[in-house]
Amino acid sequence: MGIIVRNLHKRFGDFVALDGISLEFERGELAALIGPSGCGKTTLLRVIAGLETADEGEIVLNGRDVGALDARDRQVGFVFQHYALFRHMTVFENIAFGLRVKPRRERPSEAAIRARVRELLALVQLDRFGERYPAELSGGQRQRVALARALAVEPSVLLLDEPFGALDAQVRKELRGWLRRLHDELSISTIFVTHDQDEALDVADRIVVLNDGRIEQSGRPQEVYEEPRSPFVYAFLGAANRVAGSIEAHGFVPDGASAALPAATARLDASSGPAFAYVRPHDLELHPHAIARPDGVAADVRRVIARGASVRVELAGEGGPLEAELARDAWHALRLVEGDRVTVVPRAARVFEAQ
């Protein structure tokens, strides 16, 4: 295994940041930690790096127990959200810094340092920028310098704390594709923290969803997205509608409907009584209200937003707001406009007991 954490606990006063976290990551795996602010993502990363000390638990990196080691002895590369570059140093010297401050017996020769930096500049596609200063670079370029600096010391583990959080949407999208390609080339065990669910789904081999210092779910991105184990994961990872109703003899009946959803549509994680169905926007069907659908609920079209080949439709239902996503052709075929009344029918839903 590349990274193993066992039963990690960490408190800051009365606040429980990590509450018995146990995880195992394969060597060379790229994993994403996601969850709301304060859930423990960054604390977990900092404990693995040795920048925070756990109150309890074990950390094993590539077969070595590092719990008693300082951060500098763990062979971990750490990249922060805000670059943390030395403004008075050139790009070349920023990247070389970690090599130059090694103890004399471990420090490479000057020729080896220069060769390593040139190799990294090429790797992060900044060959021509070695003599520039951070202030002369764009945000995306600075973050690539920060990543090159972390890689210079040849870490066995790479930790990224919201590496693209300070960048605009287009640059983020470009850099996350670049990070995935770079990781595939280097195959370093990597964990990154992000608030961007799309980023996690696009880049990671594994997603770990945290909440209140605990693991809600861990697995392959598509698995976690399509098979969420709790209402929290369903609502957090991607857009989701929450439809109130109850589980009766024939299945889940949405409030306002006169019949249960077909068994093939509603997967039940509760046995009876009040419940909520969680439905992705692309799994909502819209029908003109005149078409009778006993398993549907009435709603009014409030807003229509066209986005390329798809159309997002914001609806006001009796139980609260809903959001549907349709192909543009399907939307035009309905011939609906804002203010029209429709019947909304889920095509696929996950039903959880009301808490």
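Helix α4 (residues 139-152) has 14 residues, which at 1.5 Å a residue should span 20 Å, and this agrees with its end C-alpha atoms, 20 Å apart; the expected span is 1.5 Å times one less than the number of residues. Helices (H or I, at least four residues) and strands (E, at least two) are DSSP runs, numbered from the N terminus. The model is predicted: local features need pLDDT of at least 70, side-chain atom pairs count only at pLDDT 80 or more, and totals for chains, interfaces and linings use all residues. Residues are numbered from 1 along each chain as its sequence is written, and side-chain values use heavy atoms, with hydrogens and water left out.

**Surroundings of helix α4**

- Of the 14 residues of α4, 13 are buried, so the helix is largely enclosed by the rest of the structure; buried means under 20% relative accessible area, exposed over 50%, and partly exposed in between (1.4 Å probe, protein chains only).
- Glu 154, which follows α4, has a positive phi, near 55°.

**Overall architecture**

- The protein contains nine helices and 20 strands.
- Its C-alpha atoms fill a box of roughly 80 × 45 × 35 Å along the principal axes.
- Buried residues make up 49% of the 355 residues of the protein.
- Among contacts (heavy atoms within 4.5 Å) between residues at least 6 apart in sequence, 67% join residues at least 24 apart.

**Surface and charge**

- The accessible surface is about 17,200 Å², and 47% of this surface belongs to carbon and sulfur atoms; areas come from the Shrake-Rupley method with a 1.4 Å probe, and for residues only the protein chains shown count as cover.
- There are 45 positive and 51 negative side chains, with the centres of the two sets 6 Å apart.
- Lys and Arg count as positive and Asp and Glu as negative, while His and the chain ends are not counted; each charge is placed at NZ of Lys, CZ of Arg, CG of Asp or CD of Glu.

**An open antiparallel sheet**

- Four strands, in the order β2-β1-β4-β5, form an open sheet with antiparallel pairing; two strands pair if DSSP finds at least two bridges between them.
- Strands β2 (15-25) and β5 (64-65) stand at the edges with a single partner strand each, so one side of each has no neighbour in the sheet.
- Strand β4 (residues 56-61) pairs with β5 over two bridges, and Arg 64 in β5 is the bridge partner of Leu 61.

**Gln 217**

- Gln 217 lies in strand β10 (residues 214-219) and is buried, with a relative accessible area of 1%.
- Gln 217 and Ser 230 are 13 residues apart in sequence and 8.4 Å apart in space, C-alpha to C-alpha.
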